[in-house]
Amino acid sequence: MVQSRREFLNTLIRGGILAGLGLLGGGMIFRWVRKGSCGYGGACEKCPKAVECTLPEARNYQQTVWQLDPSKCIQCGRCATNCILTPSAVKCVHVFAMCGYCDLCGGYFKPGTKTLSTAAESQLCPTNALKRRFVEDPFFEYTIDEKLCIGCGKCVKGCSAFGNGSLQLQVRHDRCVNCNQCSIARNCPAGAYSRVPATRPSLLKGSGNEGSSGKKGGPTT
Amino acid sequence: MKKTVIRGLFFLVLLVVSLSSFGIQRFPKPEFESGYVQPGTVIPAARTTILSILDVVVLLTACAVISWLIIRKRSRNWVFLISLCSLVYFGFYREGCVCSIGSVQNVALALFDGLYILPWTILAFFLIPLLFTLLFGRIFCAGVCPFGALQDLVAFYPQKLGSRWNAVLGLIPYFYLGLTILYAATGSDFIICRYDPFVGIFRFNASFGMFLFAGILLISGMFIARPYCRFLCPYGVLLNWISRFSWRHMTITPANCIQCRLCEDSCPYEAIDKPVIRKDPVPVRIRIRKLLLSGLLIPLFVLAGGWIGSQLYQGLADVNPTVKLVRLLNDPSASQQQPEPFEITAFRSSGKPVSQLCSEASVILKKFYTGGWILGGFIGLVFGFAVAGRMITRYHPDYIPHKSTCFSCARCIDYCPVKS
């Protein structure tokens, strides 16, 4: 009798746990399916996060990856040191469409360099990952050797201070292991990291991929 | 060439003076005459969804196969083989992410932050092991979890800790789970991932601290089997609760126990309950009084724990980046630092007013105050139940696995001489 009472109680509790798990799963699925699943019912003007909203894509595809927003980045250099990978999964990316092809490149040369040569002592890049190639007078092309780039952002700092800002840091998803909690994101002083839809994994300035450049009500691709 | 430099410098000065419009091209894109073709910017694609689906399928298959092997086939060797496969797939191939242990944080964040979208794979990784546990006990720990598999490999000389030490150390996971949920729910941090010991081994790449932690756990794991699973794993708490009510749990013997005592020392996790036979029963009245007395202690523990938690809320909130930033801004020694901390530089350049930041921080602090009460109360409750639980004796004539702490590793099965 006692045994059967315990059995009965166990069955009841088992049913309760099952219902609880079902409720949790069902609730989450309901939230994805429902229109305006964000909890603000699509009322973007009430949402505090509307400027960095990536909901429509996230809702459709569900998978997210980490990315940093170059417009928030202050080039502190922590991307190079805080990634759990060595060298970091963050690399400098060159948006050629923004580049001015300057002879005196703020991203390539150390400030105050007199001779504009490819000598190591005049280069900003500590690993010689930024290559300079003559195109035509007076223009030079700058390309990045990603194998050498450590994501320190020194060239990015120079380029955004003295140039067009065509050199930008980005998480490279062929290297990134997509940690559940990005270790760089936790240490980023500018809060530039966010989860973005995996189908649209870049947030480059000047390539039509800005994530949070001040537009309200979600991104327009 | 010099002219270009001077022109460049002139433009620079001009634009630094009118710094207002960030993003406007200072140097217009040149028109090339030599037929130079501008290269495109390569953006490597992220991992495809199909591979995420594969992860979930592998998890489901592994859970189903291991359940069958434990419940029906009753073979330790096969369980070991599957656990090796899981270690290779979820550990070394998937490099430890996504994992069920960490998924607790995502679920907690999704429950408390309506704006966070929970990826469906993470939901699956959270729910599938719990469902299988409800059916067959902690089979996930036996051979699907890569952490468990790794520690199982090094459990060479398992020693007994004794029930008291087990009970005391067994309280740590509850504390860890409480903290995890508090930090995840307030959007502060994912501490399971932060203090993840084995992910560095899976990636052959980690900080020194991570390797040190993994080394300590693996070396102590040679003598104390599965230290992470037993005395740290926060997901294990959920599995522990659910496994108590599992539908078909692994049994040591396939038929009737013959009390041969061969399995007695077979469990490296001290999860086998020795027979407790009702000899001269303690009067019911005394047992009930004992239980009531310890039951009365529970509300006391809850209140005391809650109060302590609420007193510690400021310390707890220090992990939150917003709270940390406000503290940094108010700290006179930090603002005098040369160069100034990156956090302050970044905050200034964001153009956000300090008052807004402070109000955000005070909202977070309030959450931590409430969270401190709940966390402390929860710890008190767990502590109270642990004390009260020791007053209850369950009578059973046979050697049985302790459902809540048994990892269903099937070692004891090999020791049982009874054949079905």
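**A walk through the A–B complex**

In this predicted model, 74 residues of chain A are in contact with 71 residues of chain B. Together the two chains bury about 6200 Å² between them. Carbon and sulfur atoms give 63% of that area. Three residues of chain A stand out here: A:Arg14, A:Gln63 and A:Asn180. They supply 10% of the area that chain A buries against chain B, more than any other three residues.

Next come the polar links across this interface. The count is 16 residue pairs in polar contact between chain A and chain B, with both residues at pLDDT 80 or more. Several elements of chain A each supply at least two residues of the side that touches chain B. The helices are α1 (2-33), α2 (55-61) and α4 (154-162). The strands are β1 (64-68), β2 (90-94), β3 (130-136) and β4 (139-144). Which element gives the most to this side of chain A? It is α1(A), with twelve residues. By residue type, the side of chain A that touches chain B divides into 41 nonpolar, 19 polar and 14 charged residues.

How many salt bridges does the rule find across the interface of chain A and chain B? It finds one. A:Arg78 pairs with B:Glu343 in a salt bridge. Their closest N and O atoms are 2.9 Å apart. Side chains of opposite charge can pair when their charged atoms come close.

Over all chains, a search of the whole structure finds 15 salt bridges. Two examples lie within chain A. A:Glu141 forms a salt bridge with A:Arg133, and the closest N and O atoms are 3.1 Å apart. A:Glu141 has 7% relative accessibility, so it counts as buried. A:Arg133 has 44%, so it counts as partly exposed.

The other example joins A:Arg172 to A:Glu146, with the closest N and O atoms 2.8 Å apart. A:Arg172 lies in the loop between β5 (167-171) and α5 (183-187) of chain A, while A:Glu146 lies in the loop between β4 and α4, so the pair ties together parts that are 26 residues apart in sequence. A:Arg172 is buried, with a relative accessible area of 6%. A:Glu146 counts as partly exposed because its relative accessibility is 26%.

Now turn to chain B. Its secondary structure comes to 21 helices and two strands. Its radius of gyration is 28 Å. The globule rule gives 22 Å for 420 residues, and the value for chain B is well over that, so the chain is more spread out than a compact globule. Along its principal axes, the C-alpha trace of chain B spans about 100 × 55 × 35 Å. Of the 420 residues of chain B, 47% count as buried. Take the contacts in chain B between residues at least 6 apart in sequence: 82% of them join residues at least 24 apart.

One helix of chain B shows burial clearly. Nine of the ten residues of α14(B), which covers residues 234-243, are buried, so the helix is largely enclosed by the rest of the structure. Among the buried residues of α14(B) are B:Tyr235, B:Val237, B:Leu238, B:Leu239 and B:Ile242. B:Asn240 and B:Ser243 are also among them.

B:Leu239 leads on to a cysteine. Leaving aside neighbours within four places in sequence, B:Cys141 is in contact with B:Arg226, B:Leu239 and B:Phe407. B:Cys141 is found in helix α6 (residues 139-143) of chain B. Is B:Cys141 buried or exposed? With a relative accessible area of 7%, B:Cys141 is buried. B:Ile43 is 98 residues from B:Cys141 in sequence, and the two are 39 Å apart in space, C-alpha to C-alpha.

Chain B has its own charged pairs. B:Arg261 forms a salt bridge with B:Glu264, the closest N and O atoms being 3.3 Å apart. B:Arg261 counts as exposed because its relative accessibility is 53%. B:Glu264 is at 15%, so it counts as buried. Elsewhere, salt bridges that share partners join B:Arg76, B:Asp152, B:Arg226 and B:Arg411 into one network. B:Arg226 in that network is also one of the residues in contact with B:Cys141.

Technical notes
Residues are numbered from 1 along each chain as its sequence is written. Chains are lettered from A and ligands numbered from 1 in the order in which they are written. This is a predicted model: local features need pLDDT of at least 70, side-chain atom pairs count only at pLDDT 80 or more; totals for chains, interfaces and linings use all residues. Side-chain values use heavy atoms; hydrogens and water are left out. Contact means heavy atoms within 4.5 Å. Buried area is the accessible area (1.4 Å probe) that two parts lose on being put together, summed over both. A salt bridge is a side-chain nitrogen of Lys or Arg within 4 Å of a carboxyl oxygen of Asp or Glu. A polar contact is a pair of N or O atoms within 3.5 Å; within protein, one must be able to donate a hydrogen and the other to accept it, and residues adjacent in sequence count only if both atoms are side-chain atoms. Helices (H or I, at least four residues) and strands (E, at least two) are DSSP runs, numbered from the N terminus. Ala, Val, Leu, Ile, Met, Phe, Trp, Tyr, Cys and Pro count as nonpolar, Asp, Glu, Lys and Arg as charged, and the others, Gly among them, as polar. Buried means under 20% relative accessible area, exposed over 50%, partly exposed in between (1.4 Å probe, protein chains only). The radius of gyration is taken over C-alpha atoms; the globule rule is 2.2 Å times the number of residues to the power 0.38.
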